[in-house]
Structures are given as structure tokens and as C-alpha cells.
Amino acid sequence: ASAAEPYDVVIVGGGPGGYPAAIKAGQMGMKVACIEKRGRLGGTCLNVGCIPSKALLHSSHLYEEAAHGWGPHGISADNVKIDLAKLMSHKDKTVTGLTGGIEGLFKKYKVDYFKGTGEIVGAGSVKCHPMDGGAAQTLTAKNIVIATGSEPAKLNGVPVDEKTIVTSTGCLELTSIPKTLVVVGGGVIGLEMGSVWRRLGADVTVVEFLDGIGGPMDKEMAKTMERIFKKQGMKFKLKTKVNSAEVLPGGGARLHLDSVAGDKPETLDADIVLVSTGRVPNTVGLGLDKIGVKVNKRGQVEIDDHFATNVPGIYAIGDVVRGPMLAHKAEEEGIAIIEQIAGKGGHVNYDTIPGVIYTHPEVATVGKTEEELIKAGIEYKKGTFPFMANSRARANADTDGLVKMLACAKTDRVLGIHIIASNAGEMIAEGVLAMEYGASAEDIGRTCHAHPTMSEAFKEAAMATYDKPIHF
Ligand code: FAD
Ligand code: NAI
């Protein structure tokens with residue numbers, strides 16, 4: 001890459017916010033550079049997040065199915081074995097294949113890729129400190145996009161060594177199956193990674209501060225998932241806090257727990273402890289304080305509705321700004337900011353960003369939860385349909401879950417959709433599209449869905465908001 005001319009846009013960070021922005025800029029004919037310090041493109045998502053975790057989730061699901069799950073179909077297999085090294089190597093190859101693919105796309109769309117740490121030294125000027133230690137290079141740019149993402153939050157008194165006490169990153173790299181795993185934080189990462197290692201044989205206990213799992217998830221869905229996870233053998237210690245933890249000389253770690261009320265101190269030992277208590281925006285070394293870019297109390301770069309920081313020509317997107325920390329949210333913002341820079345009015349609809357937890361079954365959500373509607377004083381109608389009553393789920397012997405639809409009592413407009421199903425993550429796309437187009441529940445209830453599919457439950461939940469479903 002060469003820094004000879006001024007760039008139309010320099011993007012700092014090559015994750016799912018930064019790299020699609022860079023590609024989009026290239027496609028639109030802008031002169032664009034992307035600076036990434038990891039040495040590989042794709043950010044958290046591709047390297048240590050979405051993709052490796054989904055590889056492990058799928059591999060571990062296949063193992064569990066083969067070992068215990070085919071009974072209802074009259075199929076059994078003896079001697080089902082796990083080759084953990086091979087399982088991990090599939091995950092690693094998936095990651096390298098995909099990150100290499102993005103480098104290819106950068107070449108195709110003429111994005112200059114700088115491997116190094118970006119430091120913004122002023123409006124229109126970014127210094128790149130190369131990974132290989134060479135002299136720093138200064139890039140001049142009409143526009144700068146901060147897309148530096150996030151990192152695991154630290155937990156006081158719980159020292160992460162990424163071997164015994166790990167974050168999600170270490171938990172994706174374990175070299176043997178732990179006998180016992182304690183997960184601190186029953187949010188998305190805890191439930192997904194806990195599921196992986198439980199399926200592979202670990203005894204998993206989730207310690208959660210709140211009185212329910214899944215964070216801001218619809219409470220009915222969270223309670224249903226808790227029941228399903230318990231049936232699968234996962235244990236939960238809710239309303240419990242971790243005061244401290246230490247690695248034991250003989251191996252493993254000891255956690256010092258207490259109830260939130262502070263009246264039930266206890267210790268809990270585990271081979272591996274996963275700390276998954278949230279993620280924090282990453283702005284270290286970016287030089288924001290020197291140039292006066294505002295960062296709020298939560299560490300997020302402050303932006304207006306058009307991704308602009310308080311310093312002209314500097315924008316920010318993805319995990320480093322407000323909103324859900326999701327790859328597809330970062331990507332939408334990445335494309336929107338480039339369209340805006342090009343004068344084309346890019347836009348993100350934050351009311352229709354789906355969220356999925358990729359356990360088995362999956363949990364997928366778009367729009368408002370019941371609790372949010374109640375809090376906002378919005379009158380709503382609710383329709384639910386259980387997969388026990390769906391013919392395809394019955395044929396598949398895969399009936400855990402339900403579809404729940406919430407529609408405005410006055411206008412019938414769909415306000416929220418919550419699905420627990422083995423393929424909920426795919427099924428929610430229909431709901432996102434419906435909401436994006438302002439569908440009413442009756443529109444969905446009167447839309448023909450192929451039979452026999454799990455998606456018929458979606459239609460029947462819609463019917464249940466204004467009438468009766470046929471099959472329940
Ligand atoms: P990041 O992906 O964090 O990328 C930022 C990049 O910037 C990094 O590569 C970093 O090295 C680089 N960088 C930082 N500072 C500098 C600097 N000064 N100079 C140069 N480069 C810099 N989301 C989903 O939607 N679906 C999922 O299934 C999912 N699963 C996840 C599983 C796990 C275990 C984790 C941890 C996260 C998961 N996420 C998932 C969240 C998702 O990974 C993030 O929301 C997404 O990666 C955010 O994209 P981003 O581009 O904003 O930041
Ligand atoms: P999270 O915010 O989803 O969950 C953290 C959980 O830890 C919460 O339930 C919280 O109450 C609990 N907690 C906080 N402090 C605690 C303490 N001291 N003791 C016990 N419990 C405590 O955060 P998580 O799981 O770390 O994930 C981070 C981000 O990554 C999320 O915002 C999520 O959006 C993203 N992600 C998305 C995935 C997906 O889309 N499938 C998968 C994995 C991560």
C-alpha cells in the first residue's frame with residue numbers, strides 16, 4: 001500500500017464495521033485505506049467471535065446428536081468419539097479461509113490495507129504504526145471512520161490468564177475438554193460457549209448476577225430457555241455475584257461467590273472459568289483525548305444520528321459506539337456511513353436489528369419485548385404458537401420452542417417477534433423483513449407458508465394475535 005495521495009476515507013479497524021465500509025468505499029470509486037492491527041481482517045467477529053464460536057457450536061451439536069440425539073428416529077451409533085484437535089482445526093481453517101477472502105475482496109475493490117495500529121493525530125490525519133515495527137506512516141484523509149470495536153470487560157478480582165480463567169477468546173482455544181466449567185455471566189457468550197463445552201462433556205455451571213439469563217431478552221423467552229438449558233444439564237446460580245477468583249497451584253481455579261444480598265458466601269472450584277460479563281468499547285491508543293473526540297462514561301465514542309463525532313470529518317461505527325454489539329449492526333453502519341460520505345443518505349433502522357443466540361434451540365428476536373411494550377404503555381396483542389403443534393418439528397423430533405408475536409392493539413402493526421426453535425436464526429429474517437415493510441400481524445397470518453415447514457408456526461403465531469391458529 002502507498003500513502004502518496006490524500007485518501008477520501010481512512011478506516012481504522014478491519015472488523016465487520018470497518019471492512020464492509022472499506023469495500024463499499026472501493027466499490028463507489030473512493031480512494032480508501034483500512035488500518036488493522038490484528039494482522040488479519042474480519043475483527044472480533046471473524047477471528048475470535050461469531051465465526052469460530054459457530055463452528056464449535058455446530059461441531060458440538062453434531063457430536064451430541066450422534067451420541068444421544070438420534071434415538072427417536074430409531075438410529076443409534078456406538079463409539080461416537082471426539083477428535084478435539086480436528087474439531088478445532090476445522091474452526092481454524094474456517095477462520096483463515098474467510099479472513100483471506102476479505103483480503104481478496106480488498107484487492108478486488110482497490111482498498112489499501114495497512115497492517116498496523118492507527119492513531120488519529122488530527123482531523124484529516126492518521127498515523128499508522130506498522131505491526132512489523134517499521135517507521136510510522138502518516139495518511140491524510142478527507143474523512144476518518146473509527147471502527148475499533150470492543151474487548152471483553154474485565155471483572156474485578158478475577159484475573160484472566162486465558163488458560164484457566166479465560167474470556168471467550170481462550171474458551172475458543174481450549175486444548176482439552178474440561179471436566180467442570182464455570183461461566184460467569186449468563187448472557188449471549190456464556191450461553192453459547194457453555195453449550196459448546198457441555199455438549200462435549202463438561203459439567204457447566206452458569207453464575208449470573210441477575211435473576212434470569214439472556215440479559216435484555218423477553219422474559220417469557222428467557223424463562224423458557226432456562227428450562228430447556230436445565231433439561232440439557234446446564235446448571236444455574238442466579239442472583240449470585242463473584243467476589244474473586246484464583247488459579248489453584250494444582251490446576252483449576254477457585255471462585256469466591258456470594259448471593260447478591262451478601263448472605264450466602266461459598267466457594268466453587270472448576271477446571272476452567274469463563275468470564276463473559278459483557279464487552280467494552282476499544283479506543284486505547286487511538287489518540288482521541290489528544291484531538292478532543294468525545295467519549296462517554298461507558299467508553300463509547302459519542303456520535304450524532306449520522307455517525308459524526310464532535311470533530312468534523314471523524315465518524316465512528318460498530319461496537320465502539322452506542323447500540324447492540326452485533327456484527328450485522330456494525331456492517332449496516334459501515335455501509336451507511338460510506339453512503340453518507342458519498343452524499344447518498346445512508347440509513348440504519350435500529351428498530352429492526354435482529355438478535356440471535358445460537359444455542360440449540362436458537363433464540364431469535366426482533367423489535368420490542370413484552371416488558372418494553374408494557375413499560376412504554378403501548379397496548380398490544382400477543383399471539384404464540386408452540387413447535388409441539390407444528391408438524392415438521394414433530395417429524396424432526398425437534399419440538400422445543402415457540403413463536404411469539406406482539407402487534408399493536410390499535411393498528412395491528414407487528415412490534416416484536418421472539419422465536420425459540422432449532423432454526424430460529426434463519427426464521428427471524430422473515431420477521432425482520434415484515435417489520436421493515438411495516439407489516440400487520442394479519443398480513444403475515446394471510447401469507448401462504450409452505451407445508452410442512454417450521455415457518456408455518458410463524459404464520460400461526462400471527463393468526464393467534466387476531467384470531468385462533470388452526471393447529472392449536
Ligand atoms: P471488531 O470486530 O471488534 O473489530 C475492530 C477491529 O479493529 C479489530 O480487529 C481490532 O484489532 C482493530 N483495531 C482496534 N484498534 C485499532 C487501532 N488503533 N488501529 C488499528 N486497528 C485497530 N455478533 C453477531 O452479530 N453474531 C454473533 O454470532 C456473534 N458472536 C460473537 C461471539 C463472540 C465469542 C464474541 C466475542 C462476539 C460475538 N459477536 C457476534 C459480536 C461481534 O463480534 C461484534 O459485534 C463485531 O465484531 C463488532 O464489529 P466491529 O467492526 O465494530 O469491531
Ligand atoms: P452480555 O451483556 O450478553 O451478558 C453479560 C451477562 O453477565 C449479563 O447477563 C450480566 O447480567 C452478567 N453479569 C455482569 N456482571 C456480572 C458479575 N459480576 N457476575 C455475574 N454476572 C454478571 O455479554 P457477553 O455475553 O459477554 O457478550 C458480549 C457481547 O457480545 C454482547 O453484547 C453480544 O451482543 C455480543 N455477542 C453476540 C452474540 C450473538 O449475536 N449470537 C454471541 C456472543 C456475543
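## Starting point: I317

Helices (H or I, at least four residues) and strands (E, at least two) are DSSP runs, numbered from the N terminus. In those terms, I317 sits in the loop between β16 (314-316) and α9. This is a predicted model, where local features need pLDDT of at least 70, side-chain atom pairs count only at pLDDT 80 or more, and totals for chains, interfaces and linings use all residues. Residues are numbered from 1 along each chain as its sequence is written, while chains are lettered from A and ligands numbered from 1 in the order in which they are written.

Is I317 buried or exposed? I317 is buried because it has 34 C-beta neighbours inside 10 Å; the cut-off for buried is 20 or more other C-beta atoms within 10 Å, with C-beta atoms placed from the backbone. Its contacts (C-beta atoms within 7 Å), leaving out neighbours within four places in sequence, include G17, A21, F307 and I337.

Beyond four places in sequence, V10 touches A33, I35, V126, L139, A141 and I144.

## Around ligand 1

Which residues come nearest to ligand 1? They're G13, G15, G43, G149 and G318, out of 36 around it (C-beta atom, placed from the backbone, within 6 Å). Among the elements giving two or more residues to this shell are β2 (32-36), α2 (43-48) and α9.

Definitions and conventions. Two residues are in contact if their C-beta atoms, placed from the backbone, lie within 7 Å. A residue is buried if 20 or more other C-beta atoms lie within 10 Å of its own, exposed if 12 or fewer, and partly exposed in between; C-beta atoms are placed from the backbone.
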